[in-house]
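I opened the notebook to record what I looked up in this model, going from the whole chain to single residues.

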Amino acid sequence: MTTASSPYARITDMLSNVSNFNIIDTTLREGEQFANAFFNTEQKLKIAKALDDFGVEYIELTSPVASEKSREDNEKICQLGLKCKVLSHIRCHMHDASVGVETSVDGLSVVIGTSSYLRKFSHGKDMDAIYKAAGEVVTFIKSKGKEVRFSSEDSFRSDLVDLLRLYRHVDKLGVNRVGVADTVGCANPRQVYELIRTLRGVVNCDIECHFHNDTGCAIANAYCALEAGATHINTTILGIGERNGIVPLGGFAARMYVADKTYVTNKYNLHMIRDIENMVADFVEIQIPFNNYITGYCAFTHKAGIHAKAILNNPTTYEILRPEDFGMTRYVSIGHRLTGWNAVKSRCEQLDLHLTDDEIKEVTRKIKELADIKPLGIEEVDSLLRVYNKKLEQTSHENIAAAADAAGAEIKDESSN
């Protein structure tokens, strides 16, 4: 008898890098563009060290020409002795490049807008001028021994012929990577796959991708890019960045964990995600969303009765992510009208209360009855179960319904006092 294959198994693609990718975290560049972000030097150093400990291959910093403080902070981060490489983000401009190569970063991430919108309303250059500037800047940076990535901005609203000509040009000049940026978040996974697949046939260098999340496709786009042959994905902690931000580090880790669990768990310290996100959330004064990937308080919470029963028998029935692999724990909520007796039974066992199945079903009835009035916290449920157990002992388990009603009345009185 053959075992059915998983519906989540990857379709083999000779160009796919789903099991061979690098993360370039840009919390300290793109993340600084988040509305609430204002990282001081100490905070930047903490973020950089945390990302390095997590295992990202690169971190990207704000341009040293942005301000004198930005330049100083770049140098201080470079002095940390991190295992990951440190990049600085600059415009495709000789002045920026001149300043950038004088810093201690490992490489420079060069960018220029290529869509008609940005050519007309941002920098004002036509494609010939962009082509020339790209050649000058890339050649200069390479001559200084720095790693270089050249990226178009607003790639998906740029003319494909213009893009491919530009990418081929910088590839021949020896860039380490070309970059594709969905700057306004307009791309969908199919468009991403087609562009990256086409680009993979044009350049020999690595391909880096930067996806904004304005229309909710950032993680899916990142995954499709890897399937098509991309090699590097930009992330930020909690996805913070300009407007709605970009691919969140935690969400991307979750997606790739499902694609290749062994690769991701061996490469990245997934247990750090919660602490890193809490740290950055505190720095930018926001709350972790309830439905946040992995760390949201609902991420591993199970409520419906049929879900809870299956989860207690085999967690993989309703969990594609194993919470323990991320340093998290699952929670089965039982203080509500949707609860099932199997979930209540599990809680009784945790509390070392020895009740029969019939007794548990009866106290479950009482929990549902009380929860129709208001949801019960776990402390209230635990108190109800203990009082019920005590009432049963006092009546020699003769009237389980009466014991349940008496316990419910006692808890109800305590709650109202």
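I began with burial: 52% of the 417 residues in the protein are buried, where buried means under 20% relative accessible area, exposed over 50% and partly exposed in between, with a 1.4 Å probe and protein chains only. This is a predicted model, in which local features need pLDDT of at least 70 and side-chain atom pairs count only at pLDDT 80 or more, while totals for chains, interfaces and linings use all residues. Residues are numbered from 1 along each chain as its sequence is written, and side-chain values use heavy atoms, with hydrogens and water left out.

**Overall layout**

I noted 16 helices and 10 strands in the protein, taking helices (H or I, at least four residues) and strands (E, at least two) as DSSP runs numbered from the N terminus. Along its principal axes the C-alpha trace spans about 90 × 55 × 40 Å. I then looked at contacts, meaning heavy atoms within 4.5 Å: of those with a separation of 6 or more, 72% are between residues 24 or more positions apart.

The domain assignment gives domain 1 (22-284) and domain 2 (301-398), with bounds that come from an automatic or database domain assignment. I found their C-alpha centres 47 Å apart, and the contact between them takes 8 residues from domain 1 and 8 residues from domain 2.

I also checked the UniProt record, an unreviewed entry, which lists residues 21-274 as "domain: Pyruvate carboxyltransferase"; its positions are in the numbering used here, feature names are shortened, and annotations may be inferred rather than shown by experiment. Over residues 21-274 I recorded 45% helix and 18% strand, with the end C-alpha atoms 22 Å apart.

**Cores**

Which residues have the most contacts inside the largest nonpolar core? I found Ile59 and Phe150, in a core of 93 residues; such a core is a set of buried Ala, Val, Leu, Ile, Met, Phe, Trp, Tyr and Cys residues joined through side-chain atoms within 4.5 Å. The largest share of this core, 8 residues, comes from helix 8 (residues 218-228), and the core draws at least three residues from each of domain 1 and domain 2. Apart from this core lies another, of 20 residues, among them Ile311, Val344, Val363 and Leu385.

For Ile59, leaving out residues up to four places away in sequence, I listed contacts that include Asp25, Ala48, Leu51, Ile77 and Leu82.

Among the buried ones I noted Ile219, Tyr223, Cys224 and Leu226, and what covers the buried residues of helix 8 includes strand 6 (177-182), helix 7 (189-200), strand 7 (206-211), strand 8 and helix 9. Gly229 follows helix 8 and has a positive phi, near 120°.

**Strand 4 and its partners**

I found 7 of the 7 residues of strand 4 (residues 107-113) buried: Gly107, Ser109, Val111 and Gly113 point one way, and Leu108, Val110 and Ile112 the other way. Strand 4 pairs in the parallel sense with strand 3 (residues 85-91) over 5 bridges, a pair requiring that DSSP find at least two bridges between the strands. With strand 5 (residues 147-153), strand 4 runs parallel over 7 bridges. Ser109 stands opposite His89 and also opposite Arg149 in strand 5.

**Single residues**

Asp154, in the loop between strand 5 and helix 6 (160-172), has a positive phi near 60° and is buried at a relative accessible area of 1%. Leu238, in the loop between strand 8 (232-235) and helix 9 (249-259), has a positive phi of about 65° and is buried, with a relative accessible area of 16%.

Last, I looked up Ile367 in helix 14 (residues 357-371), which counts as buried at 0% relative accessibility. Ile367 and His336 are 31 residues apart in sequence and 7.1 Å apart in space, C-alpha to C-alpha. Again without residues up to four places away, I found that Ile367 touches residues including Ile334, Val344, Leu376, Val381 and Leu385.
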